[in-house]
Structure formats: C-alpha cells, structure tokens
Amino acid sequence: MADNLKEKTAKGLLWGGLNSGFGQLLGLLFGIVLGRLLSPEDYGMMAMIAIFSLVANELQNSGFKVALANLREPRPEDYNSVFWTNILIGVVLYVVLFALAPLIAAYYHEPRLTPLARYAFLGFVFASFGTAQSAYLFKNLRAKQQAKAAMTAVLLSSTVGVVMAYMGYSYWSLATQTNLYILTCTLLYWHYSDWRPTLKIDLGPARRMFRFSCKLLLSSVVTDVNSNLLNILLGRFYTVRDAGNYNQAYQWNYKASYLIQGMMAQVAQPVLVDVQDERERQLRVLRKMVRFAAFVAFPLLLGFSLVAREFIVLAIGEKWLESARLLQVLCVGGAFSPLSVVLFNVLLSKGKSTTYMWSNIVLCVVQVGVMTLLRPYGIRPMVVAFTAVGIVWFFVWWACVRRLVGYRLAMLLADVLPFGLVAAGVMALTGWATSGIGSLWLLLAVRVAMAALLYVAVMKVARVEILDECLKFLMKK
C-alpha cells in the first residue's frame, strides 16, 4: 500500500513536472514571440479584465473539483450532479457578465473593453463542460492524461495566438489564445475520462457538496482578487501601459513558479487525503513534499530573479525593461508559492475549508490595505510590499496546519531554510563573480551555467537525500 502510494505520487510528480515543464517551455517560446509582436498596451487590456474571467470561472467551478477529490469514493451520480450544476451556473454567469461588460469598461475608462470582455468571458462557459471530467482525472491521479491534455492545448492555442498577433489582431490574439486553451482542455478531458454524464439530472449531491465547496469558492475568489490586485489597481489609477508592464512581469513570474506549483498541485491533495488517517505518515509525506518544493523552487525562482534583466531585454526587447525590474522582485515571492500550495492542501485534505477561507480573506484585506496606502508612492513600492506580504503568509499557512499534523517550526525551518540559504548564497556569488561581463548574451549564459553547477555541487557535497531520490527515479524511468 505504502509503495503503491509512493509510486503514484512519484508518477504524479513526474507527469505534473512534464506538464508544467512542457507548458512553461512553450509559454517561454511563445511568450517571447508575443512579447515582440505585441505592446504593453495590448497586455494591459487583457490584464484589466483578467480578474473578471477568473472570478467568474471560480463561481462556475464552485470548488466542486476539490469537493469531489475529498470524497473517498465518489459515485457516478456525484459527478453527474456537478456536471449539470456547472453548466447551469456557467451559462447564467456569462449572460450576467455580458450585460455588465459596459460597466467594466466604464470602471477603467476604456470603451474597447466592452467587446473584448464579452469575447474573453466565453472561456468559462467552455470550462463548465469539463469540470466534472477534470475532477475525475484529478481524483484518480490520472496526471499523465491531464498532462497530455494541457500540453496539446498549450501548443495549439499558443500557435493560433502567435499567428493572430502576427496578422495584427493585437489584444484579440491574447483573448483567443486563452479561450482556445480552455476549449481544447475540455475536449481532451472528455477524451481521456472514462466517466460520461447522463440525462438523469439530480442537483442534490452538488448541493450537499456545496456546503464544503462554498468556502473553497469564496477562498478561490478572494485568492484571485488578491493575486490580481495590482492589475486591478494599476489599470484603474495608472496607465494601460503601466498595467501591461506589470502584467508582463507577473506572467513571467507565474510561468516560473507554476513549473513547481503545478507539479505539487497535481498530487498534494489526493495523496494527503489517502493518508489522512495516519498522522505520522501524513507528516512524513508532507515534509517530503515541502523539501522537494523548496529544493526546486528556490534555485529556479531566485535564479530567474538574478537573470531577469538580461532575459527580458534579450527575449522581448528593451521596451519591456520596466517589467524586468518588477520581475526581479516578484520572483523572490514566487519561490514561496509552491511551498504555500503544499501547506494549504493539508487544510483541504483535512476538510478545514473554513480555516482556508478565512486565511485567504484576511490575506486579501491586508494586501488591499497595504496597496492602498502605498499607491501614491508608485508601482515599485507596491510590488515590493505585495511580495513581502506573500512571503509572510507562507508562515501563516504553516501556523494553520501546525497542530493538524504536528508540523513544528523547527521541522519547517529544517525542511526549507537550507535550500533557501544555499540558493540565495549561490545567486549572490554568481552575481558578484559575473558583474564585469558586458555582453548580455554571455552574461545570461554564464550566470545560468554557473548558478546551476554551484547549486548541484553544494547539494552533492552536503549529500542531500532529495537530490539522490530525484536522480534515481528519473534514471529508472
């Protein structure tokens, strides 16, 4: 049983990593092309309506995916109820937001947002047909199938987006890319899932699950608002170009952090649910997940911060130089995001949706308050504060799960601090040693190679167990 769970977890991490890696690699390549073809204003247009699509999508999902995963043995009727409930909610929400589009445009003083919003909001209607199928794959740890669906969707949607941008469709290309990604994922979830809906519509199971999932729904909405808070404020109080510059930095930071975050999200909750009745074993599983996330996240994100300027200028041009400065800051906070994902999944696996909800609400209130106070001082202080609060909240998540699994602060620091300190030291040494290199291409290449070699060398000398386990598993596969 233990070996079977370990194998499932390892496979889930592997396919989650391949999915995240492939997706972010394509995102890197297509992001470079789109960054060269499009302007900060184009990205700013999409940034201003992103929050509305995200919130509508959360309302449509209503936390049912997590609720289904928390059931030990979901019945076909449970999936069927979620399927029809999501479609009903999705259609109603699209009609409401279609009508509200002019008000959204008025909030930003940008009339072009009305048709763009109505087009972009089609994405969550497409998603409503795939939530139950996605939940089925997620619950059964079918990470390989989810990865294939996401990889195909990224490739297809990004290709279409680039072609449209080249043909001069500006921000419409970004909206089409997002919609096509969602539609393709939905179709492929149907292809890979064994479950099919029936016409016997009973919303009762969904209503019962909603008692748990409504708290996740509110938490997800608050999280989306919090994550996109600067997009909301910059689009309202600054220029479209400022919003676009920040959004470009935000997107690159997200691509890097999601490389690990997506990997952990694929397996964390289902695996923790499987061992929730074995406290000591769950603690061991949790600590291993945290160590793995820290082992990968710190060098990747701190390294990206180190080369942010060279990467942005070489990849998408000097017109995005301000984004590079913001990216350097965001990456520091991005290193903690995968760790937070692991911790709050403990709450979800224990059914503590109320704690999860209130933690997110308080975080949002703190962020809104801090951002509002700092708004007169400019964008960079707001980004620094946004990053600092996110790091502090990692320890808030730990405080929420500490008593549930006996995860003491000394354990947390032992699991996280060595990787963070080594990564920070390696990046500082690399930055100092390469500061005299003039060529941006050479500087980027040397910094990446030197930092990677130094980090692996330190891990080898220190005989870090997680490195050996990763290498053995990959060699076996």
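**Close-up views of a predicted model**

**View 1. Contact between helices H15 and H18 in the predicted model.** From H15, the residues Arg 325, Leu 326, Val 329, Leu 330, Val 332 and Gly 333 meet Ile 379, Arg 380, Val 383, Val 384, Phe 386, Thr 387 and Ile 391 of H18. Sorted by residue class, the contact of H15 with H18 divides into nine nonpolar, two polar and two charged residues.

**View 2. Packing geometry of H15 and H18.** Two packed helices are described by the angle between their axes and the distance between the axes. Here helix H15, which covers residues 321-334, and helix H18, which covers residues 379-405, pack at an angle of about 10°, and their axes lie 8 Å apart. Because angles under 35 degrees count as roughly parallel, H15 is described as roughly parallel to H18.

View 3. When residues up to four places away in sequence are not counted, Ser 173 touches Leu 38, Gly 161, Met 164 and Ala 165.

View 4. A disulfide is a covalent bond between the sulfur atoms of two cysteines. With a disulfide taken as a pair of cysteine sulfur atoms within 2.5 Å, the count for the model comes to zero.

Conventions:
Residues are numbered from 1 along each chain as its sequence is written. This is a predicted model: local features need pLDDT of at least 70, side-chain atom pairs count only at pLDDT 80 or more; totals for chains, interfaces and linings use all residues. Side-chain values use heavy atoms; hydrogens and water are left out. Contact means heavy atoms within 4.5 Å. Axes are lines fitted to C-alpha atoms, for helices over the stretch in contact, and angles run from 0 to 180 degrees between N-to-C directions. Helices (H or I, at least four residues) and strands (E, at least two) are DSSP runs, numbered from the N terminus. Angles under 35 degrees count as roughly parallel, over 145 as roughly antiparallel, 65 to 115 as roughly perpendicular and the rest as oblique. Ala, Val, Leu, Ile, Met, Phe, Trp, Tyr, Cys and Pro count as nonpolar, Asp, Glu, Lys and Arg as charged, and the others, Gly among them, as polar.
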